[in-house]
Amino acid sequence: MTSPPEPALPPALAHLLDAVADATFTLDPEGRITYANRKAAAIAGRRPEEVLGLHLERDLGYAFSPRWLSESRRALAEGRARESDAFNPARG
């Protein structure tokens, strides 16, 4: 198992994103999670520190709709940020 990546965001920004109502996370170019707020980690039923370094599709694909995963792939291929709705299929 690889060790979690270094934090992708400055601590003050991470603190702010932890307070917002939206699930927010960042990925590295390989699709591994480099930051996740509590709401984002909760989609996968985990805590933020538990999802760091995990691959979004391989490790947590069950937690997101196929449409959202395809948008994620497109963002990585284009090398730019994208905003998309995501939901946990297990929660409807």
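Helices (H or I, at least four residues) and strands (E, at least two) are taken here as DSSP runs, numbered from the N terminus. On that basis, the protein chain holds five helices and two strands. Their order along the sequence is α-β-β-α-α-α-α. The model is predicted. Of the 92 residues of the chain, 33% count as buried.

Confidence comes next. The chain averages a pLDDT of 80. A score of at least 70 is reached by 79% of the residues. Among the elements, helix 3 (residues 48–51) has the highest mean pLDDT, at 95. The lowest mean, 78, belongs to helix 5 (residues 66–78). Where pLDDT is low, the predicted coordinates should not be read in detail.

The two strands form a hairpin. Strand 1 (residues 25–27) and strand 2 run antiparallel. Three bridges join them. Within the pairing, Thr 26 stands opposite Tyr 35 of strand 2. Five residues lie between the strands. In this hairpin, Gly 31 takes a positive phi near 95°. In a regular strand the side chains alternate between the two faces of the sheet.

Rolling a probe the size of a water molecule over the atoms shows where empty space is left. A search of the whole structure finds one cavity of 30 Å³ or more. The largest cavity contains about 60 Å³ of space. Phe 25, Ile 33, Ala 36, Ala 40, Ala 41, Ala 44, Val 51, Leu 56, Leu 60 and Phe 64 line the largest cavity. Three elements each supply at least two residues of this lining: strand 2 (33–36), helix 2 (38–43) and helix 4 (56–60). By class, the lining has ten nonpolar residues.

One of the lining residues is Ile 33. Ile 33 lies in strand 2. Its relative accessibility is 3%, so Ile 33 counts as buried. Val 51 is also in the lining. Ile 33 and Val 51 are 18 residues apart in sequence. In space, their C-alpha atoms are 6.7 Å apart.

Other pairs were followed across the chain. Ala 14 lies in helix 1 (residues 11–19). This residue counts as buried because its relative accessibility is 15%, under the cut-off of 20%. Ala 14 and Thr 24 are ten residues apart in sequence. Their C-alpha atoms are 9.8 Å apart in space. Lys 39 has its place in helix 2. At 43% relative accessibility, Lys 39 counts as partly exposed. Along the chain, Lys 39 and Ala 21 are 18 residues apart. The separation of their C-alpha atoms is 7.4 Å.

Charged contacts were then listed. Side chains of opposite charge can pair when their charged atoms come close. A search of the whole structure finds five salt bridges. One of them pairs Arg 32 with Asp 28. The closest N and O atoms of this pair are 2.8 Å apart. Arg 32 is partly exposed, with 32% relative accessibility. Asp 28, in contrast, is buried, with a relative accessible area of 12%.

Arg 47 takes part in two of the listed contacts. The side chains of Arg 47 and Glu 49 meet in a salt bridge, at 2.7 Å from N to O. Arg 47 also forms a salt bridge with Glu 50. Here the closest N and O atoms are 3.4 Å apart. Glu 49 is partly exposed, with a relative accessible area of 48%. Arg 47 is partly exposed at 48% relative accessibility. Glu 50 is partly exposed as well, with a relative accessible area of 33%. Salt bridges that share partners also join Asp 28, Glu 30 and Arg 32 into one network.

Key
Residues numbered from 1 in each chain as written. Heavy atoms only, no water. 1 Å grid on protein atoms, 1.4 Å probe; cavity = no way out; pocket = protein on both sides within 12 Å on 5 of 7 lines; lining within 4 Å. Points joined across faces, edges and corners; volume = space filled by probe spheres on them. Nonpolar A, V, L, I, M, F, W, Y, C, P; charged D, E, K, R; others polar. pLDDT = per-residue confidence, 0-100. Pairing = 2+ DSSP bridges. Salt bridge = Lys/Arg side-chain N within 4 Å of Asp/Glu carboxyl O. Buried < 20%, exposed > 50% of the residue type's maximum accessible area, 1.4 Å probe, protein only.
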